[in-house]
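Dear colleague,

Please find below the structure that I am handing over to you.

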Amino acid sequence: MSVLHNRVSNKELKEKLYQEAFPRTTISFYKYFLIQDPATFRDIFYQQLNELQVFGRIYIASEGINAQISVPTHNLEAFKSYLYSNPALNNVRLNIAVNDNGKSFWVLRIKVREKIVADGINDPTFSMENKGKYVNAEQMNQLLESPDTIVIDMRNHYEFEVGHFVKAIEIPSDTFRDQLPMAAEMMKDNKDKNIIMYCTGGIRCEKASAYMLHHGFKNVFHLEGGIINYANKIKSENLPSQFKGKNFVFDDRLGEKITEDIIAKCHQCGAPCDTHTNCKNDGCHLLFIQCPTCAETFSGCCTQACTDIVHLPVEKQIE
């Protein structure tokens, strides 16, 4: 039987990735559709993608699929052929990364979960079939000009901090399950206005739009393909960008520039900066924003205490 999971260390896999002589394309996609047997679907999917040397992070649930992957560019057409051979995934939108060095992932991980987006929804009458209307990049820009439009960012604070749409409202919680009822509560007096939900690739805002409709909102929209698709469309269609700054991404890049605007600040000195990093102290790994000067001062750490620890011998660090 084929191996259905990885057995090599992350360090070795990362080294192998950087030795590859061919380019890779970073892609994200999702689709809400019924999967009767997620475990079997997962195993077959793993075998096929493993043969095509695909890396990435994929979640499978009875409600659908959510994937962020890196495909060898020479295998891209073969990957599309396999993906589109499933009737439910035929012509599913593939979001191509905006700034891509091909080093976003170094291993293939496919996990079965209860849901592809943890939402906390237990209402049996809730359905993803009744969802908001898609808006493309041009329609997004037009709607943003109207005073009757409210734009809601369905991402976490650290994503919003480095880049967002003009006029966007942040829902102040770092979990999607908490954001849904908060968004409905915050908008309860605006049920007749145009409400546009957006997120990174579309998966969260699509579910959020269905949630808002389920709670009596009328004119609900969601940005087709999220920020990633919007960024690609404004380039190809030569449109002005109403998104300012950087789009945070959940892979090794930690962000892709949409515009040159730097709207965030270094968490240590307050200088303009939008570079996320993980604290170099293995006992911490806090995600934070750090400018090059502070990175040097604190050795890539979030506090002086963590800096002191990383300068200790490895045995002492482990203690």
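In this predicted model, strand 7 (residues 149-153) and strand 9 run parallel and are joined by 3 bridges. Within this pairing, V151 stands opposite A168 of strand 9.

Both strands belong to an open sheet of 5 strands, whose order is 6-11-10-7-9 and whose pairing is parallel. Strand 6 (133-135) and strand 9 (168-170) each have a single partner strand, so they stand at the edges and one side of each is left without a neighbour in the sheet. From one strand to the next, the twist averages 35 degrees. Helix 4 (residues 137-144) packs on this sheet, where it touches strand 6, strand 7, strand 10 (194-198) and strand 11 (220-223). The direction of helix 4 makes about 95 degrees with that of strand 6.

There is also an open sheet of 5 strands with the order 4-1-3-2-5, and here the pairing is mixed. Its edge strands, strand 4 (95-96) and strand 5 (108-112), each pair on one side only. Strand 5 runs parallel to strand 2 (residues 55-61), to which 5 bridges join it.

Helix 2 touches strand 1 (24-32), strand 2, strand 3 (64-72) and strand 5, and its direction makes about 170 degrees with that of strand 5. Helix 7 (residues 203-214) touches strand 1 and strand 3, and its direction makes about 15 degrees with that of strand 1.

Helix 2 (residues 38-51) also meets helix 3 (residues 76-84): their axes come within 11 Å and cross at roughly 160 degrees. Angles over 145 degrees count as roughly antiparallel, and helix 2 is therefore roughly antiparallel to helix 3. The crossing of helix 2 with helix 3 is right-handed. On the side of helix 2, the contact is formed by I44, F45, Q48 and L49, which meet F79, Y82 and L83 in helix 3. Sorted by class, this contact has 6 nonpolar residues, 1 polar residue and no charged residues.

With kind regards

Terms used. Residues numbered from 1 in each chain as written. Predicted model: local features only at pLDDT ≥ 70, side-chain atom pairs only at ≥ 80, totals over all residues. Heavy atoms only, no water. Pairing = 2+ DSSP bridges. Helix = DSSP H or I, 4+ residues; strand = E, 2+ residues; numbered from the N terminus. Axes fitted to C-alpha atoms, helices over the stretch in contact; angles between N-to-C directions. Contact = heavy atoms within 4.5 Å. Parallel < 35°, antiparallel > 145°, perpendicular 65-115°, else oblique. Left-handed = near helix turned anticlockwise from the far one by under 90°. Nonpolar A, V, L, I, M, F, W, Y, C, P; charged D, E, K, R; others polar.
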